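Hi everyone, thanks for coming. Let's have the structure up on the screen and walk through it together.

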Amino acid sequence: MSTAVTPPHAPHTAGLMRSIYLPRAADALAFAMSTYGIPLLVLATTRSSALTGAAFALEWLPRVAAFGWAGAIVDRRGAAIVFHLASLGRALALAVGAVLLHLHPSGTVASATVVVLAATTGVLTEFSYLAAETAGAAAGRRAGARAHRVQAVLLGIDQTATLGGPALAGVLLLAGPPPMLAVITVLSLLAALLALRTPPSPLAPARTPKGTSGAGLLTGWRTIRSLPALGWMVTGLTLSNLATGLLQAAGPVIVVQDFGQSTTAVGLVWSAAAAATLLAVTVCRFALDRLGLWPVGAACAALASLATLAAAQAPNYRSYLVLVAILMAAEGGLTVVLRTLRSRLIPQEKFGSTLSATILILLLPFPVAGALTALTPPHALGHVITVCAVLQALGLFCAFARLRTDRALRT
């Protein structure tokens with residue numbers, strides 16, 4: 001009698017596919033499509049650059065506001081249940097939005113619908129993202145020596161979704177807002193159903209003191225201030241994110257109104273940027289081994305600053321696409337440097353709170369960028385982007401000039 005031999009890692013991989021990878025893939029694609037598709041939807045529905053910027057701000061403000069306590073809810077209730085409920089809530093919100101836009105394709109009701117949809121999907125997406133991240137981290141811990149493989153797959157899922165999501169949203173929007181929202185609704189509903197297979201994560205004690213999330217952020221802020229190298233890096237990247245966020249918020253207006261392209265062209269910009277980022281991250285891994293943190297970081301900072309300055313003056317769509325892709329590739333390299341620096345400097349017992357504070361600071365420029373887009377006339381957006389590019393260049397220059405002799409980036 002012969003018995004088929006199953007590789008020892010096969011059941012583990014199959015279990016991860018059903019419980020972690022598939023839910024993450026559905027949620028990541030819905031995340032990417034809503035993040036880049038909602039501002040496109042606002043512009044297509046209202047034809048207003050001010051409302052497009054306002055919707056971008058409303059999409060990011062709830063994420064920033066929810067970040068401090070969304071993690072606490074995930075810790076208290078478990079990643080699986082929060083993942084399920086957040087994805088289900090997003091599906092319901094999108095379904096209602098699709099019906100309203102089908103019945104009222106233009107006018108006051110349509111404008112109010114897309115703006116409310118931006119805020120609602122923003123906060124629900126933040127909850128599902130944090131829950132998915134928590135589930136992925138728990139799966140990595142359970143994998144033991146194979147933890148790096150789990151994280152590599154999750155990173156690949158996120159980058160692939162970012163690569164295809166914006167372009168898919170732009171293509172679907174050509175058929176009208178309801179079809180695009182319907183597809184994101186199906187993806188969100190699929191994520192909610194698949195989340196039921198996600199293993200339960202460890203829960204925080206039931207008697208956790210109130211205000212824990214605020215105390216954690218305060219601890220993180222104090223840790224950042226006590227680590228000058230990390231503080232300078234976060235400062236430089238925060239100013240850089242203001243320029244990047246402005247290009248994201250103003251992208252639909254620039255590409256559709258200034259360059260006369262379709263909504264699909266807007267999605268292609270960010271798909272090309274995601275592909276360039278994925279390539280840059282791969283290259284930076286090898287460059288860091290040979291050159292070290294400071295040379296790679298300084299080169300990426302210079303490239304990002306020059307690309308943003310040039311993008312503000314881009315004469316046509318093709319050059320704009322290339323320059324944005326170069327900018328995001330350089331930002332990807334800077335992110336690798338930041339992640340490496342964090343792992344070297346932050347004490348293990350304060351890592352979670354400091355990571356939360358770091359991400360919160362880095363997210364703050366995005367709603368500001370949306371507000372700037374809303375308050376700036378379309379013909380003046382190039383000037384505002386130029387000013388933000390100058391701030392980006394100054395911030396990154398000061399950061400890396402200060403870090404040139406820092407041992408944390410030289411070792």
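Let me start with a definition: a residue is buried under 20% relative accessible area, exposed over 50%, and partly exposed in between, with a 1.4 Å probe and protein chains only. This is a predicted model, where local features need pLDDT of at least 70, side-chain atom pairs count only at pLDDT 80 or more, and totals for chains, interfaces and linings use all residues. Residues are numbered from 1 along each chain as its sequence is written, and side-chain values use heavy atoms, leaving out hydrogens and water.

Now, Leu-306 has a relative accessible area of 58%, so Leu-306 is exposed. Leu-306 sits in helix α10; helices here are DSSP runs of H or I, at least four residues, numbered from the N terminus.

Over to Ser-49, in helix α2, residues 49-77. Is Ser-49 buried or exposed? Ser-49 counts as buried because its relative accessibility is 10%. Apart from residues up to four places away in sequence, Ser-49 touches Val-253, Thr-373, Ala-374, Thr-376 and Pro-378, where contact means heavy atoms within 4.5 Å.

Next, the inside. A nonpolar core is a set of buried Ala, Val, Leu, Ile, Met, Phe, Trp, Tyr and Cys residues joined through side-chain atoms within 4.5 Å. The largest one has 84 residues, and Leu-41, Leu-181, Met-233, Trp-270 and Tyr-320 touch the most other members. Helix α8, residues 228-258, gives the most to this core: 14 residues. There is also a second, separate core of 21 residues, including Leu-16 and Val-82.

Note on methods:
Helices (H or I, at least four residues) and strands (E, at least two) are DSSP runs, numbered from the N terminus.
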